[in-house]
Amino acid sequence: MKLRMLVKLLVLGGISVVLVILLAAIGGLTQERRNRLFEVEQDIANSYAGSQQIGGPVFKVTFREFWSEHLYNPGKDTWYDEEMDELRSQLVFPSVFDYDGAMSVQERYRGIFKANVFQSEGRISGRVAFPKFESLALRNGSRLELVSVEACFMISDPRGLPSIPVLQWNDQPLEFKSGSMLGVFDAGIHAELPNAAELFGRSFPFSTDLRINGTKQIQFIPVGAENHISLESKWPHPSFIGEFLAEERTVSDDGFSAAWNVNSLASSAQQSISTGRHGIQSFGVSLIDPISPYPLTDRALKYGFLFIFITFAAFWLFEVLASLRIHPVQYGFVGLAQSIFFLLLLSLSEHVGFGLSYALASLATIGLIVFYVCHILRGLVRGLAFGGLLGLLYGILYVLLQSEDHALVAGSVLLFGLMALAMTLTRKVDWYAVGNHIERSDR
C-alpha cells in the first residue's frame, strides 16, 4: 500500500481518537447532570422526608434484677454477701405482624429536575404474647422489679409523620412519643403501655393507623414471627427491593399491588435488633422513573464509537467501490455530527420525553449528514442510501436501549450482519490495487 494511503489511515485514526475524547466528555457531562439530579433528590428529601424504613412494634420490657452475690475479701480473708442489682431490658417481638396500605405518588421539581415523593396510609395490626415475668431473670434466685413496657416503632425519618398516630391497645388509645427507645435504630416513636404488670403470660392484639410521607422508597422490617405486608399504588413503575421479593405482585399502567409473607425463620431481623447489629433485613418498593434520560443516554454513549466506526467504514467502502475521493476532514465532520447527536439527545431529553428526544436528535443528525454526503458521494441516491443506513443504525440503537435484556444478542447480530455485508460487497476487490487506484484519484 502506498505511503499516502498509510498516512490517510493514520490521520483517520487520529480523528477517531479525538471523537472518542469528545464522546467521553459528553459522558462526563451526562454523569454531572445525573449527580445534579441526585443532589436535587437529596435536597427535596431534606426538606420533605427521606426514604422510609418502618419496623414495629417491638415491645421493650425494662426491669431491674436484684440478687445476692457471695464475694471474697482478700484483705480480711473473709467471705461476705453483697446485694447487687442491674437495670436490664428484654425485647418481645410480635407473633403476628400485618400491614395493609396504599400509597400515592407526586413529583416535586427543582428547576428541570424532579424527585418522586409519596404519601402512604396503612393499618398496622397484629398480636403479641408476653412471657412470664419470672422467665426474664438471668440468674437463679434473683428478684425482678418491673420498670416499664413500651411499644417501640422504628421509623427512619419521623419528619414524614404528618400527624401523631395512636396505638389501639387493649381497648385503649395510646399516644406516641418521640424516639424508638431501641439503640440500634433510635429514630422512631414509642408508647408506654399501662398496667404493665398485668401483661405477662398473656396475649394481646394491637393496631394503629399509620400515615407517613417520604421520598423515593419505602421498606418494612419483618419484626414478627409471621409477617404479612400488602401495598398498592397507582404508580405504574415500581421496583421491588430488599432481601425478600413479593410473593404476589401485579404491575400495570394503572398501578401496582404487592404482597409479602415472611417468617422469622427466614429473616434475621429479630436477631439484628436484639443484638444491636446494623444492616437490618428489610424489603419494599422503590419508585423508579423509567424515562430518566441519564441512564439511557449513558447506555447510548457506549455504542457511540461503534456508530462512528461503522460510518467511517461505510465511507471507506464508497471510496473503494465507487472510486470516490473523501478527504479526512469530511470524515471528521460526519463523525463530529454523530458525536453531537448524543449531546442533542441529552439536552432535549431533559425537557421532553426520551422517545421524542431520540427521534428529533436522530432526524436532525441524519438530515444534516445526508445533506452533506450527497455532495461528497456525488449523487442524491448515494446520499439517501447512506442516510438509510444511518436510519437503520439509529433505529437498532433505540431498540437496544429499550430492550436491555436482549441488548447483547441484538448488538452481536448487528455487528455480524454488518461484517457479512462488508465482506460480501468487497469479496471481489483487489486490495493490492486499491492503493494505486486511490493514489491516481488523488492526483
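Biologist: Which strand gives the most to the negative patch?

Modeller: In this predicted model, strand β2, residues 78-92, gives the most, with three residues. The patch gathers Glu69, Asp81, Glu82 and Glu83 on the surface.

Biologist: What makes this patch one of negative charge?

Modeller: Asp and Glu count as negative, and the patch consists of Glu69, Asp81, Glu82 and Glu83. The name therefore follows from the counting of Asp and Glu as negative.

Biologist: Why is Asp81 called exposed?

Modeller: Asp81, which lies in strand β2, has a relative accessible area of 55%. Exposed means over 50%, so Asp81 is placed in that class.

Biologist: How do you know that the side chains of Glu121 and Arg211 meet in a salt bridge?

Modeller: The distance from N to O is 3.7 Å, and a salt bridge requires a side-chain nitrogen of Lys or Arg within 4 Å of a carboxyl oxygen of Asp or Glu. The pair of Glu121 and Arg211 is therefore a salt bridge. Glu121 belongs to strand β4 (residues 113-129) and Arg211 to strand β10 (residues 203-215), so the pair ties together parts that are 90 residues apart in sequence.

Biologist: What makes the contact between Asp298 and Lys302 a salt bridge?

Modeller: The N to O distance is 3.8 Å, and the limit is within 4 Å. Asp298 is partly exposed at 26% relative accessibility, while Lys302 is exposed at 63%.

Biologist: How many salt bridges does this rule give?

Modeller: The count comes to 14 salt bridges. Glu65, Glu86, Arg88 and Arg139 are linked in a network of salt bridges.

Biologist: How do you know that the span of helix α6 is close to the expected one?

Modeller: Helix α6, residues 354-376, has 23 residues and reaches 32 Å from its first C-alpha to its last. The buried residues of α6 include Phe354, Tyr358, Ala361, Thr365 and Ile369. Just after α6, Arg378 takes a positive phi of about 60°.

Notes. Residues are numbered from 1 along each chain as its sequence is written. This is a predicted model: local features need pLDDT of at least 70, side-chain atom pairs count only at pLDDT 80 or more; totals for chains, interfaces and linings use all residues. Side-chain values use heavy atoms; hydrogens and water are left out. Patches are made of residues with over 30% relative accessible area and no salt bridge: like charges are joined within 9 Å, nonpolar side chains (Val, Leu, Ile, Met, Phe, Trp, Tyr) within 5 Å. Accessible areas come from the Shrake-Rupley method with a 1.4 Å probe; for residues, only the protein chains shown count as cover. The place of a charge is taken as NZ of Lys, CZ of Arg, CG of Asp or CD of Glu. Helices (H or I, at least four residues) and strands (E, at least two) are DSSP runs, numbered from the N terminus. Buried means under 20% relative accessible area, exposed over 50%, partly exposed in between (1.4 Å probe, protein chains only). The expected span of a helix is 1.5 Å times one less than its number of residues.
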